Amino acid sequence: MITTFVISAHPEARSFTAHWANATVQAAVAKGDTVLTSDLSSFDPSERSEHYAQPAAPFDVLKEQERASSSGTLPGDVAAEVEKLEAADRVIFHFPLWWFAPPAVLKGWFDRVLVHGRTHDVDRRFDTGRFRGREALFCVTTGASAAESGPDGKEGDTRLHLWPAAYTLRYLGFDVLEPVILHGVHGFHRGARKAELEERLAAALAGQVDLLSRFETLPRMRFNADTDFDASGRLKPTAPSVTPFIRRDA
Ligand SMILES: Cc1cc2nc3c(=O)[nH]c(=O)nc-3n(C[C@H](O)[C@H](O)[C@H](O)COP(=O)(O)O)c2cc1C
């Protein structure tokens with residue numbers, strides 16, 4: 001039995017992003033998964049001392065998270081999210097691209113929920129991450145067109161914009177699937193373009209059952225292995241560069 005955790009990071013329940021997340025939930029239920037959900041529309045993304053019962057001063061986030069985790073005093077909203085994350089075999093994130101990145105609420109969810117001392121520590125990260133064998137997928141919408149969002153597009157390559165978020169999950173040990181991205185999603189289309197968009201979005205909603213049925217075979221993002229780096233943490237000359245974020249300067 002697979003446990004699938006579906007996270008929606010959008011402030012509007014009637015948005016396409018929210019409908020797409022619902023389609024994922026329904027598809028996962030239909031195939032017999034145990035399904036957990038989080039709607040981040042009211043999640044507080046700002047990590048700060050007020051969340052903790054008796055925070056040490058000065059506020060040291062990594063130490064405070066570790067202390068709260070080991071004493072069982074994590075903030076309630078964070079504890080609930082950590083439990084879902086730990087229970088999940090698969091985590092599917094739905095969000096729009098905002099300013100070339102996921103919305104702040106998702107970054108804040110990472111900041112607060114990926115608790116130091118619980119979800120990762122210096123001995124449990126990358127190839128030794130706690131979430132090894134688990135899988136993560138981003139389902140993303142952009143307002144910009146596919147051409148503008150490609151490798152030579154004016155908006156920059158959406159896959160690269162998503163790399164820091166993907167690497168966050170890789171840090172925890174997750175296998176991260178290549179993102180599923182729908183481009184040109186916004187409310188300003190008119191006439192034929194509006195009809196074309198509506199058709200595309202309806203197809204994406206209907207296609208979620210098929211997408212989840214093919215989950216095992218969907219392509220994975222490539223990351224360097226721990227052994228690709230030398231003792232100082234730099235890419236070895238013999239190791240491949242699999243992302244522009246970790247490369248050899250010419
Ligand atoms: C604050 C904000 C920033 C945005 N930044 C981008 C961006 O950097 N690139 C882009 O392609 N679209 C951008 N958009 C457009 C959204 O990505 C688009 O409206 C959204 O994906 C549509 O999905 P939705 O209907 O579920 O909101 C932005 C929208 C907002 C509200």
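1. Fold order. Along the sequence, the chain runs β-α-β-α-α-β-α-β-α-α-β-β-α-α. That pattern holds 8 helices and 6 strands. The radius of gyration is 19 Å, close to the 18 Å that the globule rule gives for 250 residues, so the chain is as compact as a globular protein of that length. Note that this is a predicted model.

2. Overall dimensions and contacts. Along the principal axes, the C-alpha atoms occupy a box of roughly 60 × 45 × 35 Å. Buried residues make up 29% of the 250 in the chain. Take the contacts with a separation of 6 or more: 73% of them join residues 24 or more positions apart.

3. Domains. The chain splits into domain 1, residues 3-219, and domain 2, residues 224-250. Their centres, taken over C-alpha atoms, are 26 Å apart. Domain 1 puts 4 residues into the contact, and domain 2 puts in 5. On the domain 1 side, the touching residues are 3 nonpolar and 1 charged, with no polar ones.

4. The core. In soluble globular proteins, nonpolar side chains tend to be buried together. Here the largest nonpolar core has 45 residues. V6, I7, V91, F93, F138, C139 and A166 touch the most other members. Two or more core residues come from each of β1 (3-8), α1 (16-30), α3 (76-87), β3, α4, β4 and α6 (163-172). The largest share belongs to α1, with 7 residues.

5. A closer look at F138. Which residues is F138 in contact with, leaving aside neighbours within four places in sequence? They are F93, L162, A165 and P179. F93, like F138, is listed among the core residues that touch the most other members.

6. A cis peptide. Most residues other than glycine have a negative phi, and most peptide bonds are trans. The bond from A57 to P58 is cis, with omega near -5°. P58 lies in the loop between β2 (34-39) and α2 (61-70). This is a spot to look at in the viewer.

7. Positive phi at W99. W99 is not a glycine, yet its phi is positive, near 50°. Is W99 buried or exposed? W99 counts as exposed because 8 other C-beta atoms lie within 10 Å, and the cut-off for exposed is 12 or fewer.

8. Positive phi at F126. F126 also has a positive phi, about 50°, although it is not a glycine. F126 is partly exposed, with 17 other C-beta atoms within 10 Å. That count falls between the limits, since a residue is buried at 20 or more and exposed at 12 or fewer.

Definitions and conventions:
Residues numbered from 1 in each chain as written. Predicted model: local features only at pLDDT ≥ 70, side-chain atom pairs only at ≥ 80, totals over all residues. Helix = DSSP H or I, 4+ residues; strand = E, 2+ residues; numbered from the N terminus. Rg over C-alpha atoms; globule rule 2.2 N^0.38 Å. Contact = placed C-beta atoms within 7 Å. Domains from an automatic or database assignment. Nonpolar A, V, L, I, M, F, W, Y, C, P; charged D, E, K, R; others polar. Core = buried A, V, L, I, M, F, W, Y, C linked by C-beta atoms within 7 Å.
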